[in-house]
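Let us walk through this fold from the chain as a whole down to single side chains. Keep the viewer open and follow along.

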Amino acid sequence: MTIEEHRDMDEGPEEVAPLRVGQAAEMLGITVETLRRWEADGRLQLTRSAGGQRLVPIAEVSRLLRERRRDAVDRPIVAQSARNRFPGIVTRVERDAVAAVVEVMAGPHRLVSLMTAEAVDELDLKVGDEAVCVVKATNVIVEIPSGKEHRQ
């Protein structure tokens, strides 16, 4: 069942109906038994339906997902397949609620990246910041400027 379908079942416009335990477990990538254990440990607040079925408020699932992201330890990158690394300076950041355009001047090269607004926030990108653009291209287009003589 989608969140929109849950909203349709709600009494209030702002509230989202709670999830069944199996749905919450699937969203969190854990087992139902783990959810039951978390409830017993006080890590998770469950409610009960009129019939006694365990229900998990969406807010609890969101909280657990936020905690998981916050507590995740990023492992340092020790190798990568991209060879084209361009250190430079951020010269433009344009963003809306969803997407962003970030321009970096790396020597004589102007690189433009389209990314999510969330990525800009996470990187805390601002004009004047140092940045490294990493390019991994599977398609490179070569053009010939006008006026160039053809070799024979």
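Helices are DSSP runs of H or I with at least four residues, strands are runs of E with at least two, and both are numbered from the N terminus. On that basis the protein chain holds 5 helices and 7 strands. From the N terminus on, the elements run α-β-α-α-β-β-α-β-β-β-α-β.

A word on the ground rules. This is a predicted model, where local features need pLDDT of at least 70, side-chain atom pairs count only at pLDDT 80 or more, and totals for chains, interfaces and linings use all residues. Residues are numbered from 1 along each chain as its sequence is written, and side-chain values use heavy atoms, with hydrogens and water left out.

Start with burial. A residue is buried under 20% relative accessible area, exposed over 50%, and partly exposed in between (1.4 Å probe, protein chains only). Of the 152 residues in the protein chain, 22% are buried. Contact means heavy atoms within 4.5 Å. Take the contacts in the protein chain between residues at least 6 apart in sequence: 40% of them join residues at least 24 apart.

Now the cores. A nonpolar core is a set of buried Ala, Val, Leu, Ile, Met, Phe, Trp, Tyr and Cys residues joined through side-chain atoms within 4.5 Å. In soluble globular proteins, nonpolar side chains tend to be buried together. The largest core here has 13 residues. Those with the most contacts inside it are Ala24, Leu28, Leu35, Trp38, Leu44, Val56 and Val61. The elements giving two or more residues to this core are α2 (21-28), α3 and α4 (58-71). With 4 residues, α2 gives the most.

Look at α2 in more detail. Val21, Gln23, Ala24, Ala25 and Leu28 are buried in this helix. Just after α2, Gly29 takes a positive phi of about 70 degrees.

Next comes α3, residues 32-41, which contains Thr34. Is Thr34 buried or exposed? Thr34 counts as buried because its relative accessibility is 13%. Its side chain makes a polar contact of 2.9 Å with the side chain of Thr31. Such a contact is a pair of N or O atoms within 3.5 Å; within protein, one must be able to donate a hydrogen and the other to accept it, and residues adjacent in sequence count only if both atoms are side-chain atoms.

The charged end of Arg43 sits over the Trp38 ring, 3.8 Å from its centre. The test for this is NZ of Lys or CZ of Arg within 6 Å of the ring centre and within 35 degrees of the ring normal.

Turn to the strands. Two strands pair if DSSP finds at least two bridges between them. β2 pairs with β3 (residues 54-56) over 2 bridges. Thr47 has Leu55 in β3 as its bridge partner. Val56 brings its own set of contacts. Beyond neighbours within four places in sequence, Val56 touches Pro18, Leu19, Val21, Ala24, Leu44, Leu46 and Val61.

Apart from that core lies another, of 10 residues, among them Val90, Val102, Ala131 and Cys133. 6 bridges join β4 (residues 84-95) to β7, and the two run antiparallel. Gly88 is bridged to Ala131 in β7. β4 is also joined to β5 by 6 antiparallel bridges, and a hairpin links the two through 3 residues. Val93 has Val102 in β5 as its bridge partner.

β5 (residues 99-106) in turn pairs antiparallel with β6 (residues 109-116) over 8 bridges. Val104 stands opposite Leu111 in β6. The hairpin of β5 and β6 has 2 residues between the strands, and Gly107 there takes a positive phi near 60 degrees.

Finish at Cys133, in β7 (residues 130-135). Cys133 counts as buried because its relative accessibility is 16%. Which residues does Cys133 contact, leaving aside its neighbours within four places in sequence? They are Asn84, Arg85, Phe86, Val104 and Leu111. Cys133 and Pro87 are 46 residues apart in sequence, yet 6.3 Å apart in space, C-alpha to C-alpha.
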